[in-house]
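This briefing concerns selected helices of one protein model. Please consult the display below before reading the points that follow.

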Amino acid sequence: MSQSYSITKSQKQALAIATAFALLFGAYFLREYVTLFIFAGILAFIFNPFYQIRLKKSGKPGRAAAQTLIVTFFAIVIPMMLVLSLTGLQINNTVRQLNSKSGGVDITGLSQQAIDKSNQVLEKTPSDFRITPEWVSDTGASLASKAGSFVQKNATTYAGSLFGFFTTAILFIFVFLSLLKNQNYLKSMVRDINPMGPQISDIYSEKVRAMTKAMVRGQFVIAIAQGFVGALTIYIGGVHEAFFFFFMLLTVLSIIPLGGGVVAIPIGAIMMLSGNIIGGAFVILGHIFITTNIDNILRPRLVPKEARLDSALTILSVFAGISLIGFLGIIVGPVLMIIIVTTIKVYLEVYKKPTAKQSTV
């Protein structure tokens, strides 16, 4: 039940300051769990339609939230574990087979060609240093030894991370369920607490919702489609031992605005240099004419107009978000950028409209 208060203007100002301090301190106090809150919020946003359906049928928020959690687990966690397991198996097989020949790509011959080319460049410099297979082998062994020492020294940390994983999983479940059940209250609270008023709060809410939808339901679907097609072209081109590895790698690169071409095109070039001309050409042309056009076909259908940013701002915001909080910055970065852009646009609309009216008179 709401309660009315009779306070003076100075008390209201003090309360506003105290509220701002409480919000800032709360953000600092929970800073270690920002990524968890963001991840839980993203999944709650994705599976909110299913939650609403179950809520209408059962009328019980707790039961609907629990059913949504189970569906989320089977839809996200199990497929990810399956793909990661298959990727690990393929990487192990690839490491054993690529030493001689894989899919028409002669790795040994290619390595010798790379050494010869590098030495030809070094001959034009004052240095007497030359690359030899022994130097490459010794350098690789040294790097492997250092990597092994690093893993051994951090074994205790890895064991602690296992415990931290279960702790984080429990926290995630509680946050995820709370976001689903209390979403209406949270929306109302944010709308009421915004000092700029409910109208501007609704504008921000719509922009954030559209951008989140664009990045989650749009960009991820596009990236998965591009990653699958890119991996398929490499598989058809001749590299049969690492389909799931390339699928994951190209999907991640497609989410980040770099695109899978930074991997697919060099692989195609290497295949052509190694004698697999048809396969290498198929990989390169497949990326240029098929994979790239997937974005042009799907983006207009999946990304709403109100969430579209300038391409330069999108790229900058993605990398800034990754630098800020890691992988989830792919989504958070553009959301923060749309808030910045919206703030500027609202300011211009509020303060420039009177001037525009005066100029038309």
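The buried residues of helix α2 are L36, I38, A40, I42, L43 and A44, where buried means under 20% relative accessible area with a 1.4 Å probe and protein chains only. The model is predicted, so local features need pLDDT of at least 70 and side-chain atom pairs pLDDT 80 or more, whereas totals for chains, interfaces and linings use all residues. Residues are numbered from 1 along each chain as its sequence is written, and side-chain values use heavy atoms, with hydrogens and water left out.

**Helix α2**
- Helix α2 comprises 13 residues, 34–46, helices being DSSP runs (H or I, at least four residues) numbered from the N terminus.
- From first to last C-alpha, α2 reaches 18 Å, close to the 18 Å expected at 1.5 Å a residue; the expected span is 1.5 Å times one less than the number of residues.

**Helix α12**
- The 26 residues of α12 (277–302) should span 38 Å, and the 36 Å between the end C-alpha atoms agrees with this.
- A kink of about 40° in α12 is centred on H287, the bend being the angle between axes fitted to the seven residues ending there and the seven starting there.
- H287 is also among the buried residues of α12, which include G279, G280 and V283.
- The buried residues of α12 pack against α9 (198–237) and α11 (261–273).

**Residue T251**
- T251 lies in helix α10 (residues 243–255) and counts as buried because its relative accessibility is 11%.
- Leaving aside residues up to four places away in sequence, T251 touches A223, I224, G227 and F246, contact meaning heavy atoms within 4.5 Å.

Technical notes: Helix = DSSP H or I, 4+ residues; strand = E, 2+ residues; numbered from the N terminus. Buried < 20%, exposed > 50% of the residue type's maximum accessible area, 1.4 Å probe, protein only.
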